[in-house]
Amino acid sequence: MAKRYDKAFKEEVLGKVRSGGKVREVAASYGLSEMTVRTWLKREVTASSDVLTLSRLHRENEALYRLVGQLVYESSREKKGGRGQRKQ
């Protein structure tokens, strides 16, 4: 079974790497394998990119709702204006 580390410990280790420490040296100083630290880094990057993707999709969704609302409004105005012009 794989050993579990708490979030505070992972943050401490990743903080050392983010501040310029080499993965190999930081891992050795904490008694971890280099692969473990690299996996934590990869998961952190994936999580942050997921947040960025979600944020981008939220903005796009809002823009599409505004566009659809505008098109529905313009369409209803054209229908109302067109009815009066048909009678001749």
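User: Where do I start with helix 1, and what span should its 12 residues have?

Analyst: Start with length. Helix 1 covers residues 7-18, and at 1.5 Å a residue its 12 residues should span 16 Å. The end C-alpha atoms are 16 Å apart, so the two values agree. Keep in mind that this is a predicted model.

User: Which residues of helix 1 are buried?

Analyst: First the general idea. An α-helix has 3.6 residues a turn, so residues three or four places apart point the same way. Now this case. V13, L14 and V17 are the buried residues of helix 1. Viewed down the helix axis, they fall within an arc of 95°, so they line one face of helix 1.

User: What happens just after helix 1?

Analyst: Look at the backbone there. G20 takes a positive phi of about 115°.

User: How do I read burial and surface over the protein chain?

Analyst: Take burial, then surface. Of the 88 residues, 11% are buried. The accessible surface comes to about 7,800 Å², and carbon and sulfur atoms hold 55% of that area. Among contacts with a separation of 6 or more, 35% join residues 24 or more positions apart.

User: Which residues make up the largest nonpolar core?

Analyst: The general idea comes first. In soluble globular proteins, nonpolar side chains tend to be buried together. Here the largest nonpolar core has 10 residues: V13, L14, V17, V23, V26, A27, L32, V37, W40 and L41. Helix 1, helix 2 (23-30) and helix 3 (34-86) each supply at least two residues of this core.

User: What does V37 touch, leaving out residues up to four places away in sequence?

Analyst: With those left out, V37 touches V13, L14, V17, V23, A27 and L32.

User: Is V17 buried or exposed?

Analyst: V17 sits in helix 1. Its relative accessibility is 13%, under the 20% cut-off, so V17 counts as buried. Not counting residues up to four places away in sequence, V17 touches V23, V26, V37 and L41. Check the spacing to one of these partners. V17 and V37 are 20 residues apart along the chain, and their C-alpha atoms are separated by 8.9 Å.

User: How many aromatic pairs are there in the whole structure?

Analyst: You need two values to read them. A pair of aromatic rings is described by the distance of the centres and the angle of the planes. A search of the whole structure finds 4 aromatic pairs. One of them is Y5 with F9, which is stacked at 5.2 Å centre to centre, with 20° between the planes. Another is F9 with W40, which is edge-to-face at 6.3 Å centre to centre, with 85° between the planes. F9 lies in helix 1 and W40 in helix 3, so this pair ties together parts that are 31 residues apart in sequence. Y5, F9, Y30 and W40 form one aromatic cluster.

User: What does K10 touch, not counting residues up to four places away in sequence?

Analyst: K10 is in helix 1. On that count, K10 touches Y5 and W40. Its relative accessible area is 27%, so K10 is partly exposed.

How values were computed:
Residues are numbered from 1 along each chain as its sequence is written. This is a predicted model: local features need pLDDT of at least 70, side-chain atom pairs count only at pLDDT 80 or more; totals for chains, interfaces and linings use all residues. Side-chain values use heavy atoms; hydrogens and water are left out. Helices (H or I, at least four residues) and strands (E, at least two) are DSSP runs, numbered from the N terminus. The expected span of a helix is 1.5 Å times one less than its number of residues. Buried means under 20% relative accessible area, exposed over 50%, partly exposed in between (1.4 Å probe, protein chains only). The arc is that of the directions from the helix axis to the C-beta atoms. Contact means heavy atoms within 4.5 Å. Accessible areas come from the Shrake-Rupley method with a 1.4 Å probe; for residues, only the protein chains shown count as cover. A nonpolar core is a set of buried Ala, Val, Leu, Ile, Met, Phe, Trp, Tyr and Cys residues joined through side-chain atoms within 4.5 Å. Rings of Phe, Tyr and Trp (its six-membered ring) pair if their centres lie within 6.5 Å; planes under 30 degrees apart count as stacked, over 60 as edge-to-face and the rest as tilted.
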